[in-house]
Amino acid sequence: MEEVKEQVISLPRLGEPAPDFEAVTTHGVLKLEDFKGSWLILFSHPADFTPVCTTEFIAFAEIYPDLQKRGAELLGLSVDSVSSHIAWVRNVEEKTGVKIPFPVIADLSKEVSFAYGMIHPGQSKTETVRCVFIIDPNQIIRTILYYPLTTGRNMQEILRIVDALQTTDEHKVATPANWKPGDMVVVPPPNTQEMAEERVKQGYECVDWYLCKKKL
Amino acid sequence: MACISPDGKPTESGAGMLRALKSGLKSPEEIAKDAGVPLFRVRSGLRELTQAGLVSQKDDRYVITDKGEELVK
């Protein structure tokens, strides 16, 4: 496989528009704009027909219905060909009974991989690392996760992040460490002394004026 | 091509989208609902079907052409 010579100039950043793309996938040619209005989990894997990636694809397929309930779509990516992707997902179904329901980008040109900073030469000069980009319905990048080649991703964390982001958007709150749906949420801290004084009288569960929680 | 096979015939999802359009002008969201196909697939499929002359676009909605009708009689 061809070695990566290009230098990564800038990685995508949170709060910025997701880099645009038009790519060949196992579901035909897809553009980023096709996902407008849905949450999108764009993730890369190092290579088809490899063990950790196979366990991840099965796990992504298992959470796909849960993501759909949250208005989110999945889109995989590696630098393998579309024929390789098709052969692999058919093999996964044949050997494990799990059908891969989401499209997978065949990024042979590495155009999308470079745009999203998915190739980390310190890990591999030819493969994408395990990236997860959570993109909101307005196509803004809301979360970026990078995992090394040797560590499979935690699907429950991906679902938890989507839940947290959607809760934040809907209720204008933040979510504390280890938050899960149903737990108390963090009320945004007050910006003025007057608001701080009012905050402690508002009936929230407060450690102090800057850390108050409430039930939704 | 996801909606049109190399032999020029619509795939199952392509035919589903064409059938959804037989009842008149529809938006991509309406086609997705009627055909049971995810919206991103409908948007991508409509580009292919339009390019193949099987549907045409009128403002933000789509209509099946005579050529498209022929394929899902």
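1. Start with helix 1 of chain B, residues 12-20. Its buried residues are Gly14(B), Met17(B), Leu18(B) and Ala20(B). Seen down the helix axis, these buried residues fall within an arc of 160°, so they line one face of helix 1 of chain B. They pack against helix 2, helix 3, strand 2 (61-64) and helix 4 (66-71) of chain B. Keep in mind throughout that this is a predicted model.

2. Next comes helix 2 of chain B. Here Pro28(B), Ile31(B), Ala32(B) and Ala35(B) are buried. They cover an arc of only 100° around the axis, which puts them on the same side of helix 2 of chain B. The packing partners of these buried residues are helix 1, helix 3 and strand 2 of chain B. After the helix comes Gly36(B), and its phi is positive, near 65°.

3. How do helix 2 and helix 3 of chain B cross? Their axes come within 9 Å and cross at roughly 115°. Angles of 65 to 115 degrees count as roughly perpendicular. Helix 2 and helix 3 of chain B are therefore roughly perpendicular to each other. The crossing is right-handed. From helix 2 of chain B, the contact is made by Pro28(B), Glu29(B), Ile31(B) and Ala32(B). From helix 3 of chain B, Leu39(B), Val42(B), Arg43(B) and Leu46(B) take part. Pro28(B), Ile31(B) and Ala32(B) are also listed among the buried residues of helix 2 of chain B.

4. Now chain A as a whole. It has 5 helices and 10 strands. Its C-alpha trace spans about 65 × 40 × 30 Å along the principal axes. Of the 216 residues in chain A, 31% are buried. Consider the contacts in chain A with a separation of 6 or more: residues 24 or more positions apart account for 66% of them.

5. Helix 4 of chain A covers residues 155-171.

6. Which residues of helix 4 of chain A are buried? They are Ile158(A), Val162(A) and Ala164(A). These cover an arc of only 160° around the axis, which puts them on the same side of helix 4 of chain A. On the other side of the helix, Gln156(A), Glu157(A) and Glu170(A) are exposed. The cover over the buried residues includes strand 3 (39-44), helix 1, strand 4 (72-78) and strand 6 (130-135) of chain A.

7. Helix 1 of chain A deserves a look alongside helix 4 of chain A. Their axes come within 10 Å and cross at roughly 25°. That makes helix 1 of chain A roughly parallel to helix 4 of chain A. The crossing is right-handed. Helix 1 of chain A brings Ala59(A), Phe60(A), Ile63(A), Asp66(A) and Leu67(A) to the contact. Helix 4 of chain A brings Met155(A), Leu159(A) and Val162(A). Val162(A) is also one of the buried residues of helix 4 of chain A.

8. Thr54(A) sits in helix 1 of chain A, residues 51-69. Buried or exposed? Thr54(A) counts as partly exposed, with 19 C-beta neighbours inside 10 Å. A residue needs 20 or more to be buried. Thr54(A) and Val89(A) are 35 residues apart in sequence, and their C-alpha atoms are 9.0 Å apart in space.

9. Two loop residues of chain A call for a check of the backbone. Most residues other than glycine have a negative phi. Phe49(A) is not a glycine, yet its phi is positive, about 55°. Phe49(A) lies in the loop between strand 3 and helix 1 of chain A. It is exposed, with 12 other C-beta atoms within 10 Å. Lys172(A) is not a glycine either, and its phi is positive at about 55°. Lys172(A) follows helix 4 of chain A. Its place is in the loop between that helix and strand 8 (185-186) of chain A. Lys172(A) is exposed, with 10 other C-beta atoms within 10 Å.

10. Last, Leu211(A). This residue is found in strand 10 of chain A, residues 211-214. Leu211(A) counts as partly exposed, with 13 C-beta neighbours inside 10 Å. Leu211(A) and Val200(A) are 11 residues apart in sequence and 9.8 Å apart in space, C-alpha to C-alpha.

Key: Residues numbered from 1 in each chain as written. Chains lettered and ligands numbered in written order. Predicted model: local features only at pLDDT ≥ 70, side-chain atom pairs only at ≥ 80, totals over all residues. Helix = DSSP H or I, 4+ residues; strand = E, 2+ residues; numbered from the N terminus. Arc of directions from axis to C-beta. Contact = placed C-beta atoms within 7 Å. Axes fitted to C-alpha atoms, helices over the stretch in contact; angles between N-to-C directions. Parallel < 35°, antiparallel > 145°, perpendicular 65-115°, else oblique. Left-handed = near helix turned anticlockwise from the far one by under 90°.
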